[in-house]
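Reader: Hello! I would like a close look at one part of this model, and please spell out the cut-offs as you go.

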Amino acid sequence: MGVAIRRAGEDDREAVTRLLDEAFQKDPVSSWIFPDAEHRRRTHPLLMGAFVDGVLAEGYVDVTEDGSACALWLPMPAEPAGEDDEDGPAQLREDVDPENERVELIGRLTAGIHPEGQAHEYLWMIAVSPGRQGEGLGSALVQHVLDRCDGEGVATYLEASSERSRRLYERLGFEFTGSALELPSGPLMWPMWREPLREPLREPLRKPLRGEAGS
């Protein structure tokens, strides 16, 4: 039986924010941004909410019909970002956690490695409720967009936040770009690119994706 997927709207903002917060509270990158667990518990939802607002404004959010998983996507043009986009990380820090430079730094570092010169779909984040992981919901959400991108001849991009997720994305046709992003005194992130496929993957997926960042 397939997974029912729909496009989220403004009415889904709070539910999607809660899902992201729940799925990413212990993520390596979130833990690096907010090293203190109690501060992370209080402030992490604000960051997730800001991400949801930005993606709802500039991209789209897909959710499973039961709300147990979501994927945030941004369509990216071939041209480099303008000055307004370059100010985004500083504004995010001001809105979320003004004393925390890592909120701004993560945005600038990921923007610095983001590929240019070819329009693509950017998988910003994907999350699955901890109680529903292992059911293939994340894989279904990603494949839902990959099928469309393959049909339209559009590339896709993401940043994996663990070796495990990197291997899973490779099974979906993504390839490591060859240069990992090392967060200062923190974890690695693996930028991954996927050219649109002309033929379906020969080997069926055997392992579902779990909650994952864009990383």
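**Helix packing and its surroundings**

Author: Helix H1 (residues 13–24) and helix H3 (residues 37–58) have axes that come within 9 Å and cross at roughly 130° (axes are lines fitted to C-alpha atoms, for helices over the stretch in contact, and angles run from 0 to 180 degrees between N-to-C directions). That angle makes H1 oblique to H3 (under 35 degrees counts as roughly parallel, over 145 as roughly antiparallel, 65 to 115 as roughly perpendicular, and the rest as oblique). Helices (H or I, at least four residues) and strands (E, at least two) are DSSP runs numbered from the N terminus.

You are looking at a predicted model, in which local features need pLDDT of at least 70 and side-chain atom pairs count only at pLDDT 80 or more, while totals for chains, interfaces and linings use all residues. Residues are numbered from 1 along each chain as its sequence is written, and side-chain values use heavy atoms, with hydrogens and water left out.

From H1, Arg-13, Val-16, Thr-17, Leu-20, Asp-21 and Phe-24 meet His-44, Pro-45, Met-48, Gly-49, Ala-50, Val-52, Asp-53 and Leu-56 of H3, where contact means heavy atoms within 4.5 Å. By class, this contact has eight nonpolar, three polar and three charged residues (Ala, Val, Leu, Ile, Met, Phe, Trp, Tyr, Cys and Pro count as nonpolar, Asp, Glu, Lys and Arg as charged, and the others, Gly among them, as polar).

A second pair is H5 (residues 88–96) with H6 (residues 101–113), whose axes lie 8 Å apart at an angle of about 155°. H5 is therefore roughly antiparallel to H6. The crossing of H5 and H6 is right-handed. H5 contributes Pro-89, Ala-90, Leu-92 and Arg-93 to the contact, and H6 contributes Glu-101, Val-103, Glu-104, Gly-107 and Arg-108. Sorted by class, the H5 and H6 contact holds four nonpolar, one polar and four charged residues.

Arg-108, in helix H6, deserves a moment. Its relative accessible area is 38%, so Arg-108 is partly exposed (buried is under 20%, exposed over 50%, partly exposed in between, with a 1.4 Å probe and protein chains only). The side chain of Arg-108 makes a polar contact with that of Glu-104 at 2.9 Å (a pair of N or O atoms within 3.5 Å; within protein, one must be able to donate a hydrogen and the other to accept it, and residues adjacent in sequence count only if both atoms are side-chain atoms). Arg-108 and Asp-87 are 21 residues apart in sequence, with their C-alpha atoms 9.4 Å apart in space.

Further along, His-120 lies in strand E4 (residues 120–128) and counts as buried because its relative accessibility is 2%. Its side chain makes a polar contact of 2.7 Å with the side chain of His-114, and the backbone oxygen of Gln-118 lies 2.8 Å from a polar atom of the His-120 side chain. Beyond four places in sequence, the residues in contact with His-120 include Leu-74, Met-76, Val-154, Tyr-157 and Trp-193.

Definitions and conventions
A crossing is left-handed if the near helix is turned anticlockwise from the far one by less than a right angle, and right-handed if clockwise.
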